[in-house]
Amino acid sequence: MPFARLATATTPTCHIGLGLAAVGRPGYINLGRDEDLGENRGVETLRARTHELLDAAYAQGVRYFDAARSYGRSEEFLADWLRARPGLDDIVVGSKWGYTYTADWTTDAEKHEVKDHSLAVYERQRAESDALLGDRLDLYQIHSVTPDSPALTDKDLHARLAEAAAGGLTIGFSTSGPAQADAIRAALAVTVDGEPLFRTVQSTYNALETSAGPALAEAHDAGLTVIVKEGMANGRLADPHAPDALKAVAAETSLGCDAVALALILRRPWAGVVLSGAATTVQLASNLHAAVVDLEEDQLERLATLVEEPGAYWERRGRLPWH
């Protein structure tokens with residue numbers, strides 16, 4: 001397991017990773033992108049921004065970096081950065097397949113990405129990822145598995161994924177939607193020749209959406225590394241959008257709402273890596289303060305009141321516009 005590299009890391013931020021969804025393409029659903037990115041979102045501008053973030057993250061102890069085929073040019077930007085730093089052997093690189101980026105570097109496309117979990121798409125996107133990342137790719141995840149995903153039942157796909165695992169690639173999956181727990185438990189049951197196929201799970205979990213928690217604990221107990229995404233709820237838990245209870249706790253800690261929101265997740269014993277989706281180095285530095293936030297019991301109780309019904313949470317997320 002490549003995540004064993006994190007076990008020897010001593011920095012307090014080694015269990016915070018950097019996700020590249022927000023900077024690998026000009027459009028995304030995070031709140032506040034106009035302020036974060038401005039109007040100039042050309043390829044070279046975002047390439048430079050991504051490299052600046054990667055440099056800052058590594059310098060501050062981050063050791064996991066997460067991309068996807070559908071995050072625009074995120075794999076390309078990450079691959080460029082890695083080629084210029086061949087001596088970095090203490091990091092873990094993950095990517096995902098199953099969505100195809102279709103926005104053609106615009107923010108107003110009718111469709112920004114198309115989902116397809118077929119074997120044919122895996123073969124195509126695996127070749128694309130390999131061409132960019134080569135042997136630097138440690139983890140390849142099925143992107144956004146839901147309970148009805150054919151990736152859970154396609155035996156031919158399972159066989160090909162098992163071949164990749166036998167060749168040294170760690171195989172994982174990510175989840176989304178109100179039935180994440182069902183998808184996680186279904187994936188835990190997938191085996192090839194009697195052996196579990198998946199070694200990692202990446203799921204949405206935050207102060208507003210906690211429904212996957214019990215299933216993620218089960219995954220952890222089964223030996224999977226748990227990666228948490230969308231800990232900031234696409235910006236809903238960051239200033240100025242954060243709910244009052246979170247703002248109050250943040251004021252008490254003298255840190256940002258983002259640091260408190262991520263610290264809440266880091267407290268979970270099953271959370272192996274919690275992703276920052278920072279789009280600026282200032283945001284990243286603030287996110288990384290999560291590693292030193294110490295929340296008291298009454299603060300945790302107040303934050304627990306923020307939890308939303310999963311259906312309502314995902315319905316609202318689905319209405320967030322691409323900026």
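Modeller: In this predicted model, the largest nonpolar core comprises 95 residues, and those making the most contacts inside it are L18, F65, L78, F173, F198 and L246; such a core is a set of buried Ala, Val, Leu, Ile, Met, Phe, Trp, Tyr and Cys residues joined through side-chain atoms within 4.5 Å. Helix α10, residues 257–266, supplies the largest share of this core, eight residues, where helices are DSSP runs of H or I with at least four residues, numbered from the N terminus. Another core of eight residues lies apart from it, and includes L6, Y64, V92 and L275.

Residues are numbered from 1 along each chain as its sequence is written. Local features need pLDDT of at least 70, side-chain atom pairs count only at pLDDT 80 or more, totals for chains, interfaces and linings use all residues, and side-chain values use heavy atoms, with hydrogens and water left out.

Turning to helix α12 (residues 297–304), Q299, L300 and L303 are buried, that is, under 20% relative accessible area, with exposed meaning over 50% and partly exposed in between (1.4 Å probe, protein chains only). Seen down the axis of α12, these buried residues fall within an arc of 100 degrees, so they line one face of the helix; the arc is that of the directions from the helix axis to the C-beta atoms. On the other side of α12, E297 and E301 are exposed, whereas its buried residues pack against α10 and α9 (244–253).

Definitions and conventions: Helix = DSSP H or I, 4+ residues; strand = E, 2+ residues; numbered from the N terminus. Contact = heavy atoms within 4.5 Å.
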